[in-house]
Amino acid sequence: MAPPPSGEFAIRLTKPFTDSPTSKIEIIGEPNRPATIKHTTHAGAENQTLIIKEGSIDASDSNELMDLVRPLAGFPSNPDEDIYGLGVRLDLATFEVQWDNGEDVEGAEAKSNPTEENKQTFKDVVESIEALTRQKAKERTS
């Protein structure tokens, strides 16, 4: 996974870990600048209804988010199993960190089990991204 162009970052959090996503959070931006946040939820019969919430986060939240995800670099990943047990897939593409808990990542501890500390750090990052989304992303109005 190559770093994004010109210092951009992209963070994607999808649920569930496998199968078609029913929830996807995307945060895209550049360091020291505001970023956009988009939350897409598939709901209703056979997930046919899309609910889209969008917003932005300011530069300080953007920088805090980068600091938060940085420790995940090198954590174990596994394309076949949800080794963190949260039912989510987290894909990070920043200048410093290219990591995805659902892929074989070069430099990551391949297919090994994460430590309890790894699991807690992963959980903290996921919960922070979800909280930021609840605060900042609002439903689109036509």
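Student: Are Y84 and F122 buried or exposed, and how do you know?

Tutor: Both residues are buried. The word means under 20% relative accessible area, with exposed being over 50% and partly exposed in between (1.4 Å probe, protein chains only). For F122 the relative area is 0%, so the residue counts as buried. This is a predicted model, in which local features need pLDDT of at least 70 and side-chain atom pairs count only at pLDDT 80 or more, while totals for chains, interfaces and linings use all residues. Residues are numbered from 1 along each chain as its sequence is written, and side-chain values use heavy atoms, leaving out hydrogens and water.

Student: What makes Y84 and F122 an aromatic pair, and of which kind?

Tutor: Rings of Phe, Tyr and Trp (its six-membered ring) pair if their centres lie within 6.5 Å; planes under 30 degrees apart count as stacked, over 60 as edge-to-face and the rest as tilted. That rule gives three aromatic pairs here. Y84 and F122 lie 4.3 Å apart centre to centre with 20 degrees between their planes, and therefore form a stacked pair. The two are 38 residues apart, with Y84 in the loop between α1 (59-69) and β5 (89-93) and F122 in helix α2 (residues 116-136).

Student: Why is the pair of W99 and F122 given its class?

Tutor: Its centres are 6.0 Å apart and its planes make 65 degrees, which is over 60, so the pair is edge-to-face. W99 belongs to strand β6 (residues 98-100) and F122 to α2, so this pair ties together parts 23 residues apart in sequence. W99 is also buried, at 0% relative accessible area. Through ring pairs, Y84, W99 and F122 form a cluster.

Student: How do you know what counts as a helix or a strand?

Tutor: Both are DSSP runs, numbered from the N terminus: helices are H or I over at least four residues, strands are E over at least two.

Student: What makes β2 and β3 paired strands?

Tutor: Two strands pair if DSSP finds at least two bridges between them. β2 (residues 23-29) and β3 (residues 35-43) share seven bridges, so they pair, in the antiparallel sense. K24 stands opposite T40 of β3, and T40 stands opposite I52 in β4. β3 and β4 (residues 49-57) also run antiparallel, joined by nine bridges.

Student: What is the strand order of the open sheet, and which strands are its edges?

Tutor: The seven strands run β6-β5-β1-β2-β3-β4-β7 with antiparallel pairing. β6 and β7 (138-139) are the edge strands, each pairing on one side only.

Student: Why is the contact between R12 and E26 called a salt bridge?

Tutor: A salt bridge is a side-chain nitrogen of Lys or Arg within 4 Å of a carboxyl oxygen of Asp or Glu. The N to O distance for R12 and E26 is 3.3 Å, so the contact qualifies. R12 in strand β1 and E26 in strand β2 are 14 residues apart. R12 is partly exposed at 29% relative accessibility, whereas E26, at 17%, is buried.

Student: What separates E116 and K119 along helix α2?

Tutor: About one helical turn, as they are three residues apart. Their closest N and O atoms are 3.8 Å apart, so this is another salt bridge. E116 is exposed, at 60% relative accessible area, and K119 is partly exposed, at 29%. In total, the structure holds ten salt bridges.
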